[in-house]
Amino acid sequence: MNFSPESRGILRMPLAEYGRSALGTPLRYIPCSGPCRVLVVAGIHGEEPETTFLLSRVLRAFETPFESVAFVLCANPDGVTLGTRGNFNGVDLNRNFPTSNWSKEPVGSRSILEAPRDTLLSAGNAPGSELETAALVALIQKLAPKAILSMHAPMACVDAPANTPMVESLCEAFGIPWHADIGYPTPGSLGTWCKEQKSPECITLELPRMSLEALFDRYAHSFAEWLENV
């Protein structure tokens, strides 16, 4: 780990393409050097760019790939570029995974956390209908990780079915609580898909609500140490 001024400006680890988005944008990930134990996924919601920002800044402190941790810096590059929660087709990718409880009902989201659900997105034409979703599923099946860390914001908690040692260490690194359930149904989500597959374990990290620079200042070193030790 090296947070020197010379290391902060560029991501030095290799990138590999695992698919294309609805707009033809390359979907890229950072492979690990050995068998994948953990896959970290950021940027599945385009209105949560802080997940990509924090992960990128942390990974710039490393020169070579991790032995057993792989990374998707941005699972929804079109949404991040356009500033939309969903992809270019207006689909909430985290409701489009091929699960038994997938629903075609519109997906409500909030403009701000305290507001009612004032924005509606599609869940797709069918389970797994979106290029980004299908590509991520294929990548997960290829890498066969034991766990997925799915990064979101801004609910400031770790959402996972059980308080495992990995979950407990993540809560400690970010100083946030564990919740066994997010408090509302999530049909077609990555977490639901993982649960139905029996593996991998899916842990959702909800970053706290704060500015990008505050996220880096407060959590960069502890997150980097967590990744080194996970």
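Mentor: In this predicted model, the lining of the largest pocket has 19 nonpolar, 16 charged and 14 polar residues (nonpolar: Ala, Val, Leu, Ile, Met, Phe, Trp, Tyr, Cys and Pro; charged: Asp, Glu, Lys and Arg; polar: the others, Gly among them). As the model is predicted, local features need pLDDT of at least 70 and side-chain atom pairs count only at pLDDT 80 or more, while totals for chains, interfaces and linings use all residues. Residues are numbered from 1 along each chain as its sequence is written, and side-chain values use heavy atoms, with hydrogens and water left out.

The space in the largest pocket comes to about 1100 Å³. A pocket here is an open set of points on a 1 Å grid over the protein atoms alone where a 1.4 Å probe fits, with protein on both sides within 12 Å along at least five of seven lines, and lining residues have an atom within 4 Å of a point; the volume is the space filled by probe spheres set on the points, joined across faces, edges and corners. The lining consists of 49 residues, of which N94, R95, I182, Y184 and T186 are the closest to the centre of the pocket. Two or more lining residues come from each of β5 (107–109), β7 (147–152), β8 (155–159), α5 (190–197) and β10 (201–208) (DSSP runs numbered from the N terminus: helices H or I, at least four residues; strands E, at least two). Among the elements, α5 gives the largest share, 5 residues.

The second largest pocket has a volume of about 180 Å³. Its lining is formed by L15, T25, P26, L27, R28, L73, C74 and P77, and strand β2 (residues 26–29) provides the largest share, 3 residues. By class, this lining divides into 6 nonpolar, 1 polar and 1 charged.

Helix α4 (residues 165–174) and helix α6 (residues 212–229) have axes that come within 9 Å and cross at roughly 160 degrees (axes are lines fitted to C-alpha atoms over the stretch in contact, with angles from 0 to 180 degrees between N-to-C directions). α4 and α6 are therefore roughly antiparallel to each other (over 145 degrees). On α4 the contact is made by M166, S169, L170, A173 and F174, and on α6 by Y219, S222, F223 and W226 (contact: heavy atoms within 4.5 Å). The residues of this contact are 7 nonpolar and 2 polar, with no charged residue, whereas 16 charged residues belong to the lining of the largest pocket.

How values were computed. Parallel < 35°, antiparallel > 145°, perpendicular 65-115°, else oblique.
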